[in-house]
There are 2 protein chains.
Amino acid sequence: MKTPFSTGRKPAFKNAVFALVIAALPLFAGAQELAQNIPVVSPEMGEDGTVTFRIKAPEATLVQLSGNWMPFGPDGNGGFAQQMTSLEKGEDDVWSVAIPAMEPELYAYAFMVDGVRTLDPANKNIVRDGRFSTASVLYVPGPASDLYWAKTGPKGSVRAVWYESPTLGLTRRMFVYTPPGYEDSNENYPVLYLLHGGGGDEEAWPTLGTAANILDNLINAGKAKPMLVVMTNGNPDQAAAFTVSPPVEVASAGIGGMASMQFEKSLVQDVIPYVEKHFPVKTGKENRALTGLSMGGLQTMNTTFENPELFDYIGVMSMGFADLSRFGINIDHSKREQQILALKAAAPKVYWIACGKEDFLIESVVTMRAELDKHDFPYVYRESPGGHTWTNWRIYLSEFAPMLFQ
Amino acid sequence: MKTPFSTGRKPAFKNAVFALVIAALPLFAGAQELAQNIPVVSPEMGEDGTVTFRIKAPEATLVQLSGNWMPFGPDGNGGFAQQMTSLEKGEDDVWSVAIPAMEPELYAYAFMVDGVRTLDPANKNIVRDGRFSTASVLYVPGPASDLYWAKTGPKGSVRAVWYESPTLGLTRRMFVYTPPGYEDSNENYPVLYLLHGGGGDEEAWPTLGTAANILDNLINAGKAKPMLVVMTNGNPDQAAAFTVSPPVEVASAGIGGMASMQFEKSLVQDVIPYVEKHFPVKTGKENRALTGLSMGGLQTMNTTFENPELFDYIGVMSMGFADLSRFGINIDHSKREQQILALKAAAPKVYWIACGKEDFLIESVVTMRAELDKHDFPYVYRESPGGHTWTNWRIYLSEFAPMLFQ
């Protein structure tokens, strides 16, 4: 994380030129940091697994660290929130805290500086989670995070593809992963359709989800079949992420029209036909898989209940038979029994349900399993530690992909 | 920018569920903001072109805004820095400033809260500029920024491609833009190789540079020929952006080995052969263009001086015959006269030099032009307002691309 400019230079002329050039190279530099020429290194990984977080805040009275490895708890206002750790002020107005023995993982964090949420100014690795959140990123290498990191060896490729969606009346963006060797091969590939959650968009799986690295690493290790992975935008009110294209008006139901069933229709009517026309893929249900998290889990259920003959591999992550009416999302449960029986008759090869023990939707998964059990619907259930988090969804992808197209 | 969750809900139970669910959806939420349930809207665009920036900072004594539309000036410490504007504290501890009549552009900005550089917590559109900087993004729509925005109509596609670089001993990542209609066409395309600047990486042109939108819009308007655009990583010490892959040791010269000439060699020996083997492209110098900004401008000069027969279209942005020895970058000027004459003999169709009037490297462009003039070397010179900025580089791309392959 250390920049190559960490050495102070004394002569006044050089300093002036130095500050000007450095300020001009990026969008703009943190002026005070440069002027004082004291680089803050954060996060810094020690050899014993301790990670030290630092931020220079001369005037602050309370600096806290909020990381996605910390538990949730009461926020003192009747709600729940991420718990935080306080930093201590040291020399040169630099606040710091050392977190011992951080497990290998891909983490997201931010500081709260006197109540202002502040990304780590010393860490240029930042990530956006859809419409709701931004964070600084920390990668702690090790066996448990090994799948998320690009390695030497053959690599797949991710492409942004714009396709026509007559169903939604939009030209929309999706990302398509093609496996190592794709360009030089005459093979046809099976396809995994991979859906993000509420508030997210088509950039979620390629960035937060590190989908390409996970697939590359599984495929290169012989643990997953070479496949295409199609990562759509699940919000029917968006052509693409809001950073690229503004939202449009839709007959809304819930967040961004997420319960309008319009995305599910466009997946079947627009996305799959586009992919099967424009890419060298195998068709038929035995060559199609669908999974998604949270809202994407709901969309996976909706799509496969409505179209039981489309997919042989179905994964529902962090979502069950939930009552989401408080979000304006009303699910038609009257057809459920009939849908379960129809999907059971279609006999998909894999129906996989994964949820974290501490997920706020775990009860909806209990309800879902009870319903499925009542109809002797075969499925595999995977319960993991943790909650409704990208840590879990990366793990779930790494476990689901190896089950496909075997 | 307003989230769909701006309405307060009173009953205690609902509030608890609400806070929990919202906190769980993103990576993690800004807990205090949620608990107090007062959404801050920032930036907010008025109909008269005024943009209001806001941040809630209850304890702060000085909140400033730093935007890349503001001029540079003395920083009070013997250096130069971006000038800043102060915000005023209003109700509910929200600081704000209204900037009147902002011209259509794609802007980058941040707050300084009591000296701490803080991205706008209310704006989830953030961008990273290489190793050096992060910023919040503001897009002001209008004629001058129209080229940077995705529109309806045919779209090209950007793909991440990993290729072998025996020259650097790395499997490296680049982005390749393919034009609208590419997937359904049997055409072969010419290729523009597009290089980023010092501190940047292969993600710079696809994100900050909005290269795909610019090309889509020019091609759809009939102003540029359909072409491929290859966006490499110009740092010989990187396989890919540091967010994806750690830097490696190289025989360094300057920042990340940028003056080692190793990137230039890999461009000629690895990148061009890969592209010409794996994509449907036209070969020969009349079908190749090369341009880059700052360090990429230097690499463009180096590559074309060393290989005068490779490119018919050459663009040097924001770089001239500069003395960069203070960065550890030593350029061999002894061959310059001979190189100029060799390139003149090869007679590229376009040699284009572009620089901002206020660019800190403008003197090096004056020197370069004097040298070229001395040898009657034909070139087109474009001097723009402004400095060493992405605003200029986006404009330059939109002006250079239409000159190519005509």
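Biologist: Which residue of strand 8 of chain B does B:Glu88 stand opposite?

Modeller: In this predicted model, B:Glu88 stands opposite B:Ser96 of strand 8 of chain B.

Biologist: What makes strand 7 and strand 8 of chain B a pair?

Modeller: Two strands pair if there are at least two bridges between them. Strand 7 and strand 8 (residues 94-99) of chain B have 2 bridges, in the antiparallel sense, so they meet the cut-off.

Biologist: Why is one side of strand 1 and of strand 7 of chain B left without a neighbour in the sheet?

Modeller: The open sheet has 4 strands in the order 1-2-8-7, with antiparallel pairing. Strand 1 (44-45) and strand 7 (88-89) of chain B stand at its edges with a single partner strand each, so one side of each has no neighbour there.

Biologist: Why is strand 15 of chain B called largely enclosed?

Modeller: Buried means under 20% relative accessible area. In strand 15 (residues 191-195) of chain B, 5 of the 5 residues are buried, so the rest of the structure largely encloses this strand. On one side these are B:Val191, B:Tyr193 and B:Leu195, and on the other B:Leu192 and B:Leu194.

Biologist: How do you know that strand 15 of chain B pairs with strand 16 and with strand 17 of chain B?

Modeller: The cut-off is at least two bridges. Strand 15 of chain B has 4 bridges to strand 16 (residues 228-231) and 5 to strand 17 (residues 288-293), so both count as pairs. Strand 16 is parallel to strand 15, and B:Met231 is the bridge partner of B:Leu194. Strand 17 is also parallel to strand 15, with B:Arg288 as the bridge partner of B:Val191.

Definitions and conventions. Residues numbered from 1 in each chain as written. Chains lettered and ligands numbered in written order. Predicted model: local features only at pLDDT ≥ 70, side-chain atom pairs only at ≥ 80, totals over all residues. Heavy atoms only, no water. Buried < 20%, exposed > 50% of the residue type's maximum accessible area, 1.4 Å probe, protein only.
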